[in-house]
Amino acid sequence: MDEYADPEFWTSADDPASALCVHRMAVARSASGVGVGARLLDWAAERAARQGKHWLRLDAWKDNEGLHRYYKSVGFTLVRIIDLPHRRSGALFQRSSGWGRLVA
C-alpha cells in the first residue's frame with residue numbers, strides 16, 4: 001500500500017493525492033472466509049486516515065465479478081471500469097478511509 005495511483009486508471013480529476021492505494025493484496029486460500037482480507041483492508045483504511053488521506057483505493061480484474069462483490073461487501077464502491085486491451089485489471093474501487101471520524 002502506498003500513494004502510487006496508476007496513471008492509466010486514476011486521473012487528476014480523481015485527486016490521487018487524497019488516497020492510499022492497495023496493490024496486489026491476496027489472502028491464502030486456506031485463510032479464505034475468516035475475515036483476514038477485511039481486517040487487512042480495515043487496517044489499510046486506518047493507516048490512510050492517519051496519513052490524512054480521504055480514500056483507500058484499489059483496482060481489480062475487470063471480469064472478476066466475485067471479487068467485485070467482495071469489495072462491495074467490505075465497503076468499497078465501484079468508481080468505474082477502464083477497459084484497456086493490454087490490462088486485465090481496470091475495475092476501480094474506493095472506500096472512505098474514515099479520515100473525518102479520526103479528526104472530529
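Predicted model: local features only at pLDDT ≥ 70, side-chain atom pairs only at ≥ 80, totals over all residues.
Local features require pLDDT of at least 70 and side-chain atom pairs count only at pLDDT 80 or more, whereas totals for chains, interfaces and linings use all residues. Residues are numbered from 1 along each chain as its sequence is written, and side-chain values use heavy atoms, with hydrogens and water left out.

A search of the whole structure returned eight salt bridges, a salt bridge being a side-chain nitrogen of Lys or Arg within 4 Å of a carboxyl oxygen of Asp or Glu. One of them joins Lys53 and Glu3, with an N to O distance of 3.2 Å. These residues are 50 apart: Lys53 is in the loop between helix 1 (36–50) and strand 2 (55–61), and Glu3 is in the segment before strand 1 (19–21). Helices (H or I, at least four residues) and strands (E, at least two) are DSSP runs, numbered from the N terminus. Lys53 is buried at 9% relative accessible area, while Glu3 is partly exposed at 48%; buried denotes under 20%, exposed over 50%, and partly exposed the range in between (1.4 Å probe, protein chains only).

Arg87 and Glu8 form a salt bridge with their closest N and O atoms 2.5 Å apart. This pair spans 79 residues, from the segment before strand 1, which holds Glu8, to the loop between strand 3 (77–81) and strand 4 (89–96), which holds Arg87. Both are partly exposed, Arg87 at 22% and Glu8 at 36%.

Asp63 and Arg88 also pair, at 3.7 Å from N to O. Arg88 is partly exposed, with a relative accessible area of 46%. Through shared partners, salt bridges join Asp6, Glu8 and Arg87 into one network.
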